[in-house]
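Cover its salt bridges and one of its helices.

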Amino acid sequence: MEFRSIERIPQAFQQSVSAEEIGNVCRRAFGDAATPVSAVELGTGMYNNVYRVNLAGRDRPVILRVAPEEGRQLHSERHLMRNEYGSVPWLAVIAPLMPQVLAVDWSHEVIGRDWMIQTHLDGVPAPEHLGTYPRTAWPVFFRQMGVIARSVHDVRGPHFGPVGGPGHGTWSEAVITSLEKIAADLDGAGLDAADVRKVAAVAAHDRAVLDGVTEPGLLTGDLWTVNVMLDAGAAEPTITGVLDMDRTWWGDPAADWTIRMATAKQDERVAFWEAYGERDGSPAAVWRSLVYEVRHLGAVRLERHRLGNAAGVKNTYDAVAAVLADLG
């Protein structure tokens, strides 16, 4: 088998599996006769290890995703792959855009990590292809993003918090718990978590504002351009696929990463709102958005630390300080 993995230092968060382990996974998923011809690790993911695998007798490759070892997973990022698998029935509204799950295994009998095999989506990653179109065409893309986000956010669920659990009875409990888990992870990484804990305390003091959200909507958790595929030959940007829905939540749609990114700049992305609909501009909604921003920034701080981006980590402290000033 042709095997190409990404070389990393031993201390890196992501660690490749071996060619032998990929062969064992394929036989577990497809039977003893399954023969992988090639496996190429893709560098697009920053959490799971992702491989494009070609199997003898199959016309199309499959995608193998391997979760980090249990001991490497943070409190705030536990079992993300299992969360994604549990989200599939709830994401039926965008099923035509998503890869199909072919096999999953949480047993750790084949390799000591969770893994999932999915169909391979056609298209080109949006970060690579969107820039080939003139900027005058970009609003078409962002309107499609608005349609996708709206359809997901309109799905209603049974509890607040991660789709796969643990569930919470109130939105405030879900948000405060998330902030506390992020703070604990920052402690574990040797980073100052005092600012995140301060926001958690503010949220607890004014939890009634968070609990103005009474209906759990479905949040994508991480949907933006990096998780979208585009038609390679279309005359205008055309979304053909959506990937990596492993951070799905039940809660206030305004807390979704997608909403955060749609509001980050006043450029072509304003077309997002033409399809999505108007935002809630009430004082309560504005206050909640500040709390959500700190949750995003805490997660960004952890990711930047994992990637060795010290300057980026430092910038998150300034950003949280600015939010705290607005929270009062």
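## Arg78 and Glu70

Arg78 forms a salt bridge with Glu70, and their closest N and O atoms are 3.1 Å apart. A salt bridge here is a side-chain nitrogen of Lys or Arg within 4 Å of a carboxyl oxygen of Asp or Glu. Arg78 has 38% relative accessibility, so it counts as partly exposed. Glu70, at 25%, is also partly exposed. Buried means under 20% relative accessible area, exposed over 50%, and partly exposed in between (1.4 Å probe, protein chains only).

This is a predicted model: local features need pLDDT of at least 70, side-chain atom pairs count only at pLDDT 80 or more, and totals for chains, interfaces and linings use all residues. Residues are numbered from 1 along each chain as its sequence is written, and side-chain values use heavy atoms, leaving out hydrogens and water.

## Other salt bridges

The structure holds 24 salt bridges. One of them pairs Glu77 with Arg306, with the closest N and O atoms 2.7 Å apart. This pair links distant parts of the chain. Glu77 sits in the loop between strand 4 (62-66) and helix 2 (80-87), while Arg306 is in helix 10, 229 residues apart. Helices (H or I, at least four residues) and strands (E, at least two) are DSSP runs, numbered from the N terminus. Glu77 is buried, at 5% relative accessibility. Arg306 is buried too, at 17%. Elsewhere, salt bridges with shared partners join Arg65, Glu84, Asp244 and Asp246 into one network.

Glu109 forms a salt bridge with Arg28, the closest N and O atoms being 3.0 Å apart. This pair also links distant parts of the chain, 81 residues apart. Glu109 lies in the loop between strand 5 (101-105) and strand 6 (115-119), and Arg28 in helix 1 (residues 19-30). Glu109 is exposed, at 61% relative accessibility. Arg28 is partly exposed, at 41%.

## Helix 11

Helix 11 has 18 residues (310-327). At 1.5 Å a residue (times one less than the number of residues), it should span 26 Å, and its end C-alpha atoms are 26 Å apart, which agrees. Gly328 follows helix 11 and has a positive phi, near 80°.

Which residues of helix 11 are buried? They are Gly312, Val313, Thr316, Val320, Val323, Leu324 and Leu327. What covers the buried residues includes helix 6 (194-205) and helix 10 (283-306), where contact means heavy atoms within 4.5 Å.
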